[in-house]
Every structure is written in structure tokens, then in C-alpha cells.
Amino acid sequence: MAVSPEYMPENPIDFRAPPPSPIASGRRSSVTNDGVLSEFLEHSLRVPDLFLPDNFFPKQKIVETPPRIDCQSLNSKESNSVLKTLDSIARIGCFQLVNFGIPSEFIKLVSVMAAGIFQLPSEKKAAVMKSPEKPYGFEEVHGDQEAENELSEEFVWSKDESLKLDMERIWPTGYSNFSEKMETLSSDLGNLAAKILQVLRENCPRKSKYANDMMQRQDLTGPVCCLYKHRRDIPADRLASSLGYDVFSMLIRGNDYSHALCLHICDGSSQFHVYSKKGWVSFCPDKDALIVTVGDQTQAWSGGQYKQVLGRPIFKGEDEDNISMAFLYSPPNTIICCSKTTKGKALSLGQQAILAIILTLVYHLLVYFYKKL
């Protein structure tokens, strides 16, 4: 009987690392090499002290007060007033408007009523916060902005029906009356802004050939007003840090709403700051003056002749909280499209498909009757 060979299990292949190479006698020892490596890593991984260049952060410049433009002389197209207006917005992007026909008592009444919005409890404000889907309401604060929120608060008003319903739920006793007054004020300011814009358009030395199209795409859905509550007795060091924060946030974020002109109501402010990519300037506004700043739409149709700026009033040493308002004006399409060239109407993809089906049916019917005949 044959004996089967005994089963021998296969030995796994043994992979072993090669032995270390010996250090040459002429080289330093491994301990010495480790010291050099450690010193190199210590110097290489050290975080350097970084300093921003001076021209990165826009320096504040104190400029002479912009000219006071009488609205009545602007309406009569007096050459001197028009030239002063054009020169002021070309230099610093704004000018002051006086004698504009809106009673100061009515403006103060609206400001007093607006203060009631910011007196609502925090939990009620949280129900009407701004969002990408709802661009109106209270400005939500995140992270580092919480400290800045102690200095000022913001509420964005519009004639949006959903905002009105939300605000009437949390402020049923006062919002309807306030919104009615705001609609009257925004209508008056809108008519005023339309006259100013017409004067600028008629006297602009250069215009973009795409101005009408750009302004039409940027049209706002109704009037928009940003209301700000400025807190009193702000320490000087906190106010300075807040202004620096505002410069960065406003220049980076810009304005959330495209507009042609912005009309600022800030009676009682000690300074007015104007931010732009060219710099940061400030001046002392006159009493009862309306500050008019240039928006992105005006920059578009002027071909860059007038640069967009962002404005903010500053209140110092006040005994009580102050309210300021910034009305954003965008002209309606009926005004913008008056000089727009006529273009052929293009068919949509769905209309083309329906037309193709109809032509196919007509073709088959013609073929059918032709065969019958």
C-alpha cells in the first residue's frame, strides 16, 4: 500500500527590512543631525509677525462740508446749483439737499414712531429676521457682530405684504399706523429722488451704452428703507473700533439692495461718514439737510463717472438714542426703458415645441387630403 506523502504547509514569505547603513566616519553622528533638524524646524515653523500695508485699510479724511443744494434751484435747473451737485458727487459721491419740501415735523413724527420698532422684545424680533427668502425685517447678528449690535440696530422696511402681516402679529397696536406714515414719506422721497436723477442723467458727460439694460435688471421691487437705532453714550474707544468694523463690513458686503440713489435722514448727527473703494471721508452735516449718496445703478449708467459710495451717520455725546433712515431709490422700468431700442421678441423653447407640433399636424393633413384627391 502506497503511502501518501505527508502534507507540508507552505511557509509564508518573510519580508524583512534591510539592515541600516552604517554612518561614515567622516559624517556627524545621528544625535548631531537631530539637533540641526530640530533647530531648522523651530525656525521654519515659527509664525511670522504679519502687518497689513498702510494703503490696505482706507484712512479717514476730513473734508469740507459738501455744498448745500437748494432743491428749488435744482428744479429750475440753475446752472450754478447743477455744477455744484455734479462736482460734489464726482469728488466724494454725495451732496446735501435743503428746502426739499417735506416738513421737518412730519419727518420727526416718523422717526419717533420708528423708535417703537426697536423697543419690541428680542423674542418677537427673532420672528421677523431677514433671510435670503425674506430680505426685509430685523438684521440678524452673528458672532463678532454681537458687540457691534450693542451700538446700533437695523430694521429694513418695505411695502412687502408678508412683512406687514408678520409685523402686525408682533406689534398689532402700532405697525399699521407707522407703515402708513412710511408709505407717505417714501412716496415723497421717491418723487424727490426721481427729479435729482433726471438732472444727473441730463448733465452726465458720459453714459454707458448698456445703461438702460443694466438699470432695468437692477430694479427694486418697491421702496426700501433701512432704519437704524444709534445708542447713546458710546465710549470713544468702542466707537472707534465700531467705525473700523463698519468700514470692512460695508466695503466687503456692499449694499444688499441695488439702487440708483440713497437719501439719508439723519438730523442731529455730529458726523457723516462716506465709504468707497477710493477712501473714507467724513464731514459735519448741516441741520435739517438731506444727504444724497450715489448707488450702483448710477455708477452703471454714468459709465463710472459717478462712483458708488456707502454712507453712515455718526451720533456722539447724545443724551438719548437716535433714529436715522436711509431710503433706497431705484427708478421704475417705465422711466428706464424710454430710450431702449426695440428688439424682436424671441420664442421660448416651449413655444417652439408647440409650433413644431402644429406644423407637423398641418403637414400630415395636407398629405392626407392630397392622396384623397
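This is a predicted model: local features need pLDDT of at least 70, side-chain atom pairs count only at pLDDT 80 or more; totals for chains, interfaces and linings use all residues.
Residues are numbered from 1 along each chain as its sequence is written, and side-chain values use heavy atoms, with hydrogens and water left out. Local features need pLDDT of at least 70 and side-chain atom pairs count only at pLDDT 80 or more, whereas totals for chains, interfaces and linings use all residues.

**View 1. Salt bridge between Asp286 and Arg68.** A salt bridge is defined as a side-chain nitrogen of Lys or Arg within 4 Å of a carboxyl oxygen of Asp or Glu; the count by this rule is 8. In this pair, the N to O distance is 3.3 Å. The bridge links distant parts of the chain, 218 residues apart: Arg68 belongs to strand β2 (residues 68-70), and Asp286 to the loop between β9 (279-283) and β10 (290-294). Helices (H or I, at least four residues) and strands (E, at least two) are DSSP runs, numbered from the N terminus. Asp286 is partly exposed at a relative accessible area of 25%, and Arg68 is partly exposed at 46%. Here buried means under 20% relative accessible area, exposed over 50%, and partly exposed in between (1.4 Å probe, protein chains only).

**View 2. Salt-bridge network of Lys134, Asp166 and Arg169.** Asp166 forms a salt bridge with Lys134 at 2.6 Å, N to O. Asp166 lies in helix α7 (residues 161-170) and Lys134 in the loop between α5 (122-125) and β4 (137-138), so this pair ties together parts 32 residues apart in sequence. Asp166 also meets Arg169 in a salt bridge, at 2.2 Å, N to O. Both Asp166 and Arg169 are in helix α7, 3 residues apart, about one turn of the helix. Shared partners join the three residues Lys134, Asp166 and Arg169 into one network. Relative accessibility is 12% for Asp166, which counts as buried, 32% for Lys134, which is partly exposed, and 60% for Arg169, which is exposed.

**View 3. The largest nonpolar core and another core apart from it.** A nonpolar core is a set of buried Ala, Val, Leu, Ile, Met, Phe, Trp, Tyr and Cys residues joined through side-chain atoms within 4.5 Å. The largest has 61 residues, and those with the most contacts inside it are Leu97, Met167, Phe178, Leu185 and Leu227. Helix α8 (residues 175-203) gives the most to this core, with 11 residues. Another core, of 10 residues, lies apart from the largest one and includes Cys94, Cys266, Phe272 and Val309.

**View 4. Surroundings of Leu227.** Contact means heavy atoms within 4.5 Å. Leaving aside neighbours within four places in sequence, the residues in contact with Leu227 include Phe118, Trp157, Phe178, Met182 and Met325.
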